[in-house]
Amino acid sequence: SSSATLPIDPARGEAMQLARRAIHLDPNLGDAYAAMGFVNLQDKKSAPFYRKAVELSPQRPEYHRWLATSLSEQDRFDEGIEEYRRTVQIDPLWYINYEHLAGALAYIGRYDESHRIASQFLRLSSDDRAKLLLLRALAEDEGRVADALRYTRAIYERSPDERLSRFYYASAAAQIGELQRARSLMASDRLVSALLRSDWSAFARLAENFGHNFWERSDLWEASTMLVATGHSDVILRLYDGARALIDADSIDIERVAQPPAIMALARAGRTQEANRLLRIFAIKTRKLPADGLGGERRQINEAYIAAFAGRKDEALKRLDAISRQHPMALSTIPVMSVRNNPFLQSLRNDPRLAAVDERLRAAVNAERKKAGLPLIDEVAWISDPKTLLTKN
């Protein structure tokens, strides 16, 4: 019925059929190719459709933006930036074009240019909400969580019923350790709500209910990490096994799955060969990340995980120590929690060098809390307890 909501798989299948029909009826319709790209499960498969849409309708900025996102997902960062740049040229008053371009530049370490792009929009635009959205994205990219909290609160107060404004505000609140505020904002999302309450049995059950669609959102709110951290590696294994046919058929990008949670879950279950295969894919993907910027920080953290998995404790700690000194907020998560509760660093948990890394992160979070006028988090609340895991607030 018109008021019903279709489940993900039937909705995607129906959208795919309609897009194919549109291409058949009019092979020169850019919208049809863009739709085909949009309903694909992975960006690698989407790129040719977006490229065709751009070719047929070169003045549609969103087609360039979608192509740019697809290229970036394939680690073709410079090509992606050029497509993002084209969106700004076509439509210089649409904030999302600037947000994506500025973010892509920050990802490879071109921060000065990222700021210039953002400043250009802030000068041109008279749309206060769009300005707040761009300022939020910049603050988030740069680990200025107090500023992100301020901007997202202002966005939320303008449109409290909008799902995205609640999500942004809750994310900033959770990253700065304001879990009670995040819980109230995300009350309608049962999975996130269970996670923020540390109701791990409900969280595991709800995560498993997503089936193979879980892998599309497994990195949101540290969902897959928290399954491993709370002793629910068996759920990760069942989700992995349930998606195997789709992974083998290349309907789910294996790089989405070849991440530390699945690697650790397989290793714990004694499925060493499969764990090592995913670890190799993860390592190859990591080596393609930029050397600088946000991508460089992600690369450094991933390499620390890889070293920890391989038993190279000194290397893992050296990498974590370096990033905690240069940009400790890069180690923060949404929701924020102690590095000592990170399951991928379990082998380092009792090393005083990890405690020093963790203390630098706590100090950085507290510095942001001070800017936001919030009370500081003491060490006991920060480390929490083995059942709750999340910072107590």
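Is Arg76 buried, exposed or partly exposed? Arg76 is partly exposed, with a relative accessible area of 31%; buried would be under 20%, exposed over 50%, and partly exposed is in between (1.4 Å probe, protein chains only).

A word on the model: it is predicted, so local features need pLDDT of at least 70, side-chain atom pairs count only at pLDDT 80 or more, and totals for chains, interfaces and linings use all residues. Residues are numbered from 1 along each chain as its sequence is written, and side-chain values use heavy atoms, with hydrogens and water left out.

Now for the charged pairs. A salt bridge here is a side-chain nitrogen of Lys or Arg within 4 Å of a carboxyl oxygen of Asp or Glu, and the count comes to 36. Here are some of them:

| Pair | Closest N to O |
|---|---|
| Arg360 and Asp321 | 3.1 Å |
| Asp385 and Lys392 | 2.7 Å |

Arg360 sits in helix 21 (residues 352-371) and Asp321 in helix 20 (residues 313-326), so this pair ties together parts 39 residues apart in sequence. Helices are DSSP runs (H or I, at least four residues), numbered from the N terminus.

On to the nonpolar side. A nonpolar core is a set of buried Ala, Val, Leu, Ile, Met, Phe, Trp, Tyr and Cys residues joined through side-chain atoms within 4.5 Å. The largest has 108 residues, and Phe203, Trp215, Leu227 and Leu278 touch the most other members. Helix 15 (residues 233-248) gives the most to this core, with seven residues. Apart from it lies another core, of 14 residues, including Met16 and Ala19.

Methods:
Helix = DSSP H or I, 4+ residues; strand = E, 2+ residues; numbered from the N terminus.
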